[in-house]
Amino acid sequence: MIGQHVYLVDDDDAVRVSLSRMLQYLGYTVESYSSPEAFLEHSLPIAPAVLLLDMRMPQMNGLALQQELLRLGRNTPIVFISGESQTQEIIDALKGGAIDFLLKPFNMEDLVQAIHRAMARSREQLSAFRDAIDVQRGYESLTPRERQVCKLVVKGLMNKEIAEQFDCSLKTVKVHRARVMEKMGVTSLLELADKIRALPEHSL
């Protein structure tokens with residue numbers, strides 16, 4: 001369970017203390033906050049991680065924090081915990097991407113299972129982010145001509161067609177193509193196309 005972090009945001013002191021102790025006993029690292037405002041001001045993005053979030057709090061409620069985190073691009077998976085909530089609040093929370101919504105008093109086994117699901121989502125997000133960074137670095141390592149060849153290869157042009165377009169030898173195109181495949185860390189045209197499609201438009 002090393003490296004699995006839980007943020008806990010709840011204005012109830014007793015809830016924060018008891019949940020923190022229980023989760024730490026289970027091997028999680030826990031960072032607790034008494035308000036969404038404190039969480040936004042002091043917390044740093046960590047992954048993999050889960051946010052246990054109360055719904056009803058004095059100023060900013062759980063839904064408002066969820067929306068603010070989406071606006072900020074912080075996609076830590078959320079498990080809502082609430083003493084009382086309206087049906088529409090639960091629907092809005094789940095529509096906003098929450099993993100689960102547990103009503104207090106909840107069963108600890110249900111909470112742990114929800115945390116496990118959220119942690120799995122966080123690990124998937126982290127893996128996808130790392131993959132995206134690797135793809136971006138690979139593409140940025142290509143020379144201008146290699147990028148041109150890369151785009152044409154992905155479009156389905158044959159080596160001969162690319163050579164004619166650039167007025168160069170077939171051997172030269174083959175060398176560029178081989179370097180593209182090596183730098184992008186792929187062994188097939190399908191893999192290359194998938195990675196190029198994953199790049200932001202401004203990178204191409």
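Asp54 touches Val9, Asp10, Asp11, Gly62, Phe80, Ile81, Ser82, Gly83 and Lys104, leaving aside residues up to four places away in sequence. Contact here means heavy atoms within 4.5 Å. Before I go on, the ground rules. This is a predicted model, where local features need pLDDT of at least 70 and side-chain atom pairs count only at pLDDT 80 or more, while totals for chains, interfaces and linings use all residues. Residues are numbered from 1 along each chain as its sequence is written, and side-chain values use heavy atoms, with hydrogens and water left out.

Back to Asp54. Asp54 lies in strand E3. Helices (H or I, at least four residues) and strands (E, at least two) are DSSP runs, numbered from the N terminus. Is Asp54 buried or exposed? Asp54 counts as buried, because its relative accessible area is 4%. The cut-offs are these: buried is under 20% relative accessible area, exposed is over 50%, and partly exposed is in between, using a 1.4 Å probe and protein chains only. As for Arg71, it is 17 residues from Asp54 in sequence and 19 Å from it in space, C-alpha to C-alpha.

Now the salt bridges. How many does the structure hold? The number is nine. A salt bridge is a side-chain nitrogen of Lys or Arg within 4 Å of a carboxyl oxygen of Asp or Glu. I will go through three of them.

One joins the side chains of Asp10 and Lys104, at 2.7 Å from N to O. That pair links distant parts of the chain, 94 residues apart: Asp10 is in the loop between strand E1 (5–9) and H1, and Lys104 is in the loop between strand E5 (100–103) and helix H5 (108–140). Asp10 is buried, with a relative accessible area of 0%. Lys104 is partly exposed, at 24% relative accessibility.

Another salt bridge joins Glu89 and Arg56 through their side chains, at 3.1 Å from N to O. Here too distant parts of the chain are linked: Glu89 is in helix H4 (residues 87–95) and Arg56 in the loop between strand E3 (49–54) and helix H3 (62–72), 33 residues apart. Glu89 is buried at 13% relative accessibility, and Arg56 is partly exposed at 33%.

The next pair is Glu146 and Lys183, whose closest N and O atoms are 2.9 Å apart. Glu146 is in helix H6 (residues 144–155) and Lys183 in helix H8 (residues 170–183), so this pair links distant parts of the chain, 37 residues apart. Glu146 is buried, with a relative accessible area of 2%, whereas Lys183 is partly exposed at 32%.

Next, helix H5. Does its length agree or disagree with expectation? The expected span is 1.5 Å times one less than the number of residues. For the 33 residues of H5 that should be 48 Å, and the end C-alpha atoms are 47 Å apart, which agrees. The buried residues of H5 include Leu111, Ile115, Met119, Leu126 and Tyr139. At the N-terminal end, Asn107 caps H5, with a side-chain oxygen 2.6 Å from the backbone nitrogen of Glu109.

Gln4 is in the segment before E1. At 12% relative accessibility, Gln4 counts as buried. Its side chain makes a polar contact with the side chain of Arg123, at 2.6 Å. A polar contact is a pair of N or O atoms within 3.5 Å; within protein, one must be able to donate a hydrogen and the other to accept it, and residues adjacent in sequence count only if both atoms are side-chain atoms. Beyond residues up to four places away in sequence, Gln4 touches several residues, among them Pro48 and Met119.

Pro48 brings me to the backbone. The peptide bond from Ala47 to Pro48 is cis, with omega near 0°. Pro48 is in the loop between helix H2 (36–42) and E3. The bond from Lys104 to Pro105 is also cis, with omega near -5°, and Pro105 is in the loop between E5 and H5.

Last, Asp167. What is its phi? Phi is near 55°, a positive value in a residue other than glycine. Asp167 is in the loop between helix H7 (159–166) and H8. Asp167 is exposed, with a relative accessible area of 72%.
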